[in-house]
Amino acid sequence: MIRRTVELCHRSRDAFDAIIDVRSPAEFALDHIPGAINLPVLDDEQRAAVGTEYVQGSKFLARRAGAAMVARNIAAHLEGALADRTGSFQPLVYCWRGGQRSHAMATVMDQVGWPVAVVHDGYQAWRRQVTAALYDQPVPHRLVLLDGPTGSGKTALLTALAERGAQTLDLEALAAHRGSLFGAMPGGQPSQKAFETRLHDALDRLDPARPVVAEAESSKIGARVIPPSLWAAMSPAPVFELAAPLSARIAHIVEHYAGIAADPAALDQALTRLPRHHAKAAIAEWRGMAARGEIDELAAALIEAHYDPAYQRTTQTRNRAVLERIAMTDLTPDGLADTARRIMTALDA
């Protein structure tokens, strides 16, 4: 018997052995329910061909051709990705709106004997849930932010806090971008919808009764925008204000941005995107440093002329309470661990 469900919280989803998205690969790539695997009943080309025939030609021929494709694709999945599943396998299946595609897969699974469930209204139901949580309702979590200039180890400190049991929200990891001019990561960023899916899933797994530590980001991380409900919670959130010696900051930046430093073309391209208020001569000098491999010197120059002034301007416009000002002596693992313990103590007070 095929069961229909509207329960999509993480506990409900985690109860299934697999979440199967039967939409086309392009639809899946744009966004999908967290943890889903893509077993399309129609691939991108097939979906387009059936749709074209349905609109411009014969609805009957479109349905007949589509049914044949769906049958072959489901058979391939049964003999491939699903071949090792036993009789106790419990899948959750969905398509765009809980219609023909998910019903086709679920019907076959039900005949196999698997206790299958279908998401009522499909991906659209998930998207409505994400939109309600991040656009329409206030975020129930109490946020505490790590603030400090570029290179002060905020991301590394967030990791150290998570390792010690603190609740953390790593926005840069979710957005796949370090949030700076040089912050691009391999593979690029998720779509805005996928970013919001990641955010909603991460928040849904955190306890609103305990504080959640995040970095004090701007409203955009690369090309991705922090949704309004989360931004409304972040804007007045109190901060731990971090400071570190310039030499430690330079070393930290050089270590953590080694990827782009090792790609002269990408580094030069990033330098050309610096704000226009920087003099052309200064940018030319920085590009020369990059070309000569003078990465430490380049980091120091950018901290002095670009990052620190921008941080000061931003700090002056914020109205956030400072929980504690922490002057770190170094950004080594031991130094970050000491700072994490200090913050944990303050959070528990």
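Predicted model: local features only at pLDDT ≥ 70, side-chain atom pairs only at ≥ 80, totals over all residues.
The domain assignment divides the protein into domain 1 (3-131) and domain 2 (140-348). The centres of domain 1 and domain 2, taken over C-alpha atoms, are separated by 39 Å. Contacts between the two involve 13 residues of domain 1 and 9 residues of domain 2. About 1,000 Å² is buried between domain 1 and domain 2, and 49% of this area lies on carbon and sulfur atoms. On the side of domain 1, the most area is lost to domain 2 by His10, Leu30 and Arg127, which together account for 41% of what that side buries. The interface of domain 1 and domain 2 is also crossed by 3 salt bridges.

Over the whole structure, 15 salt bridges were found. Aspartate 201 takes part in more than one of them: its side chain meets that of arginine 13 at 2.5 Å (N to O) and that of arginine 205 at 3.1 Å (N to O). Aspartate 201 counts as buried because its relative accessibility is 13%, under the 20% limit. Arginine 205, in contrast, is partly exposed at 40% relative accessibility.

A further salt bridge joins aspartate 338 and arginine 341, with an N to O distance of 2.3 Å. These residues are 3 apart in helix α16 (residues 333-348), so about one helical turn separates aspartate 338 from arginine 341. Through shared partners, salt bridges join Arg13, Asp14, Asp201 and Arg205 into one network. Arginine 164 and glutamate 163 form another salt bridge, in which the closest N and O atoms are 3.8 Å apart. Here arginine 164 is partly exposed, with a relative accessible area of 33%, whereas glutamate 163 is exposed, with a relative accessible area of 61%.

The search of the whole structure also gave 2 aromatic pairs. In one, the ring centres of phenylalanine 89 and tryptophan 114 lie 5.1 Å apart; the planes stand at 85°, so the pair is classed as edge-to-face. This pair links distant parts of the chain, 25 residues apart: phenylalanine 89 belongs to the loop between α4 (59-79) and β4 (91-94), and tryptophan 114 to the loop between α5 (100-112) and β5 (117-119). Both residues are buried, phenylalanine 89 with a relative accessible area of 3% and tryptophan 114 at 6% relative accessibility.

The rings of tryptophan 96 and tyrosine 123 have a centre distance of 5.6 Å and an angle of 25° between their planes, so this pair is stacked. It too links distant parts of the chain, with tryptophan 96 in the loop between β4 and α5 and tyrosine 123 in helix α6 (residues 122-136), 27 residues apart. Tryptophan 96 is partly exposed at 31% relative accessibility, while tyrosine 123 is buried at 3%.

Tyrosine 123 has a charged neighbour as well: the charged end of arginine 23 sits over its ring, 4.6 Å from the centre. An arrangement of this kind is also found for arginine 178, which lies over the face of tyrosine 257 at 5.2 Å from the ring centre.

Methods
Residues numbered from 1 in each chain as written. Heavy atoms only, no water. Phe/Tyr/Trp six-rings, centres within 6.5 Å; stacked < 30°, edge-to-face > 60°. Helix = DSSP H or I, 4+ residues; strand = E, 2+ residues; numbered from the N terminus. Buried < 20%, exposed > 50% of the residue type's maximum accessible area, 1.4 Å probe, protein only. Lys NZ or Arg CZ within 6 Å of the ring centre and 35° of its normal. Domains from an automatic or database assignment. Contact = heavy atoms within 4.5 Å. Buried area = accessible area lost by both parts, 1.4 Å probe. Salt bridge = Lys/Arg side-chain N within 4 Å of Asp/Glu carboxyl O.
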